[in-house]
Every structure is written in structure tokens, then in C-alpha cells.
Amino acid sequence: MAEHFNIERLMDMSGRVDLSDIDWSEVPKHPMTPEAIRCLRYFLLTENSTFFYVKALMSTDAVYEEPEIAPFLCVWMYEEEFHGRAFRSFMEALGEPLSPTYRRDMFLSRSPGERLDEFGQNMLGKIFPDHWPAVHMTWGTIQEFTTYSAYQALIERIDHPILNKICQRIMKQELRHYAFYREHAKRRLQRDPMTRKVVSTALKLAWTPVGDGMCPKEEVVHAIRFLLDGVGSKSIARIEQKIRELPGLEWFDLFTKFAERHNIRQAPDAWFPRNFRAKSQSKVEAEPALFDAE
């Protein structure tokens, strides 16, 4: 993924994920474990919480100072909304409909830490106006690459033909979102030591995996166990290695510490299709180009 981020190409290629050829009647024909369905519900909720984070980014001066940020946020929120809708359609076809008020319920039940973060971000953004946007950009880099990796895991660990098709299409968009955040994070972290210090301190004090705070802790733990196998897994190591490529973040090990703190271990084989682990061990991962043709 050596190609630099290009905002014009992002805008030209943006849009809702295409589901026009999906035969939803095929969804219930392929069995899924209860653990897989529980994980999909977590995906739906986290994809539909993007607008909460857009609010925080819109409160920073970077939105006005850097011309790429405002158009990106428009694309990001729009595309992520339709990722959530794709999962909602899949769950409904599976016979697992959600409450019409699920988004409101999620907002009202978010953790006290999430509520405190909203207040703290506004305050810290005013105290560190030159450095705080770098926190957002770095945070976004971590969360987007984690999400991209989680989609890879969904395909491998559930292997549902309709879900695979949906995930592959969403992944192309998630990879471009990650590219934007990484480019801006890198640019800001390279500027001065103070920015790197502020970002590192903020991450060490407050970072948790994507969805934590918006969803109950037990659901976060289940999703990480189902998708990434917890402590000592190659998937978590790969995510952390990617983040260590950013200036000043050579120390990053917060995902491992989160997994250790919550004693997240390898998921049981019964959660997955038969012979899943044997198949996954022989698979070689390859990252696509940032702007593959749709």
C-alpha cells in the first residue's frame, strides 16, 4: 500500500456499497453459529456509530484549515452509514431483525467513559489546538485498520457466500478510509516532538478498540475473541505492527494490553465452520492497492 492518498480519487469513487445484485433469499440457506451472529450485531452497531465521532472531528480547527478533511468526513460518514445498513439487511434476511430504536438505545446506553471522552475531547482540543487533530487522525488510523482486519476475519471465520461478497466490497472503502487517516496522522506526527508526545499520552490514557464504549464491554471482548483470538494472536500483532510504522508510535502495544487486561484468549473451534483453523493456517494474506477498481 505504498500509493499516497488522493482526495480527488476518493471523491470520484465514493458512494454507498453496492448491494443491487444481492439475493437476500440465499442468506438463511447457510448456517451460522450463535457466536457469529452475535459478532455481526456488534459490527452493525459500530458501523452505525460513526456519526458520533464525526461530531468530535467537526469541532476541531483542522476541518477549516485543511481542505481535504471536510470532504473526507462527508464521504466517511455516508459510506459507513451504508455499511451498517448492509449488515442490517443481512441480519433481517437471516431472521435476526433489530429494534427500530437500536441507534437511540446505543446512544443512551453508551458507557460513562464514552460520555466523558466527548467532553474531554472538546476541552483538550482547545488546550492543544495545534496538536489535538493529530490525536484524531492517529486514532482513526488504528480504528480503521482494525476494522479492515476484522472484515478479513469475518470472511475467513464465517465463510458465508453472501456475507463474503458484502464484506469484500466494504473492505475496499475501509482501506481508503484508513489511507486518509494514516496519511494525515503521519504528516502531523512528523511535524514536531510535542505533537508526538500529546498523541502518545492520549492513546496511553484513553485508547480502547473500536466499538468499546458504544457497546457493552462483554460484547467488545466477544468480538475480539471471535475475530482476533486475543492474547498472542498474529492478527493483533499485525495491527500493532502497522501502527508502529507511524512516527513516534514505535512503542504501540495497547491492543495486546487490552486483551491481557480482559483475559481474551483463543476462541473455541466450535464457534467456526469445520476445519477453519487448518484452512486459515495455509492462507497467505495480501493487501490490495488503495484504489483498486470497483
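Reader: What makes α2 and α11 count as meeting, and which residues are involved?

Author: In this predicted model, E35, A36, R38, C39, Y42 and F43 of α2 meet E218, E219, V220, H222, A223, F226 and L227 of α11. Contact means heavy atoms within 4.5 Å, and therefore these residues are listed as meeting. Sorted by class, the residues of this contact are 8 nonpolar, 1 polar and 4 charged.

Reader: How is the packing of α2 and α11 described?

Author: Two packed helices are described by the angle between their axes and the distance between the axes. For α2 (residues 34-47) and α11 (residues 217-228), the angle is about 115° and the axes lie 9 Å apart. The crossing in which α2 passes α11 is left-handed.

Reader: How do you know that the span of α11 is close to the expected one?

Author: The expected span is 1.5 Å times one less than the number of residues, and for α11, with its 12 residues, 16 Å is expected. From its first C-alpha to its last, α11 reaches 16 Å, so the span is called close to the expected value. After α11 comes D229, whose phi is positive, near 70°.

Reader: Which residues of α11 are called buried, and what do they pack against?

Author: Buried means under 20% relative accessible area, so the name is given to V220, H222, A223, I224, F226, L227 and L228 of α11. These buried residues pack against α2, α8, α12 and α13.

Reader: Why is α8 called mostly covered?

Author: Of the 27 residues in α8, 25 are buried, that is, under 20% relative accessible area, and therefore α8 is called mostly covered. Helix α8 covers residues 132-158 and reaches 38 Å, which is close to the 39 Å expected. Just after α8, D159 takes a positive phi of about 55°.

Reader: What makes α12 and α13 a packed pair, and which residues make the contact?

Author: Helix α12 (residues 234-243) and helix α13 (residues 254-261) pack at an angle of about 145°, with axes 8 Å apart. The contact is made by I236, I239 and E240 of α12 together with L254, F255, T256 and A259 of α13.

Reader: Which residues touch the most other members of the largest nonpolar core?

Author: Among the 88 residues of that core, L40, F87, F90, L154 and L227 touch the most other members. Leaving aside residues up to four places away in sequence, F87 touches L40, F43, L44, Y151, L154, L163 and I170.

Notes
Residues numbered from 1 in each chain as written. Predicted model: local features only at pLDDT ≥ 70, side-chain atom pairs only at ≥ 80, totals over all residues. Heavy atoms only, no water. Helix = DSSP H or I, 4+ residues; strand = E, 2+ residues; numbered from the N terminus. Buried < 20%, exposed > 50% of the residue type's maximum accessible area, 1.4 Å probe, protein only. Axes fitted to C-alpha atoms, helices over the stretch in contact; angles between N-to-C directions. Core = buried A, V, L, I, M, F, W, Y, C linked by side-chain atoms within 4.5 Å. Left-handed = near helix turned anticlockwise from the far one by under 90°. Nonpolar A, V, L, I, M, F, W, Y, C, P; charged D, E, K, R; others polar.
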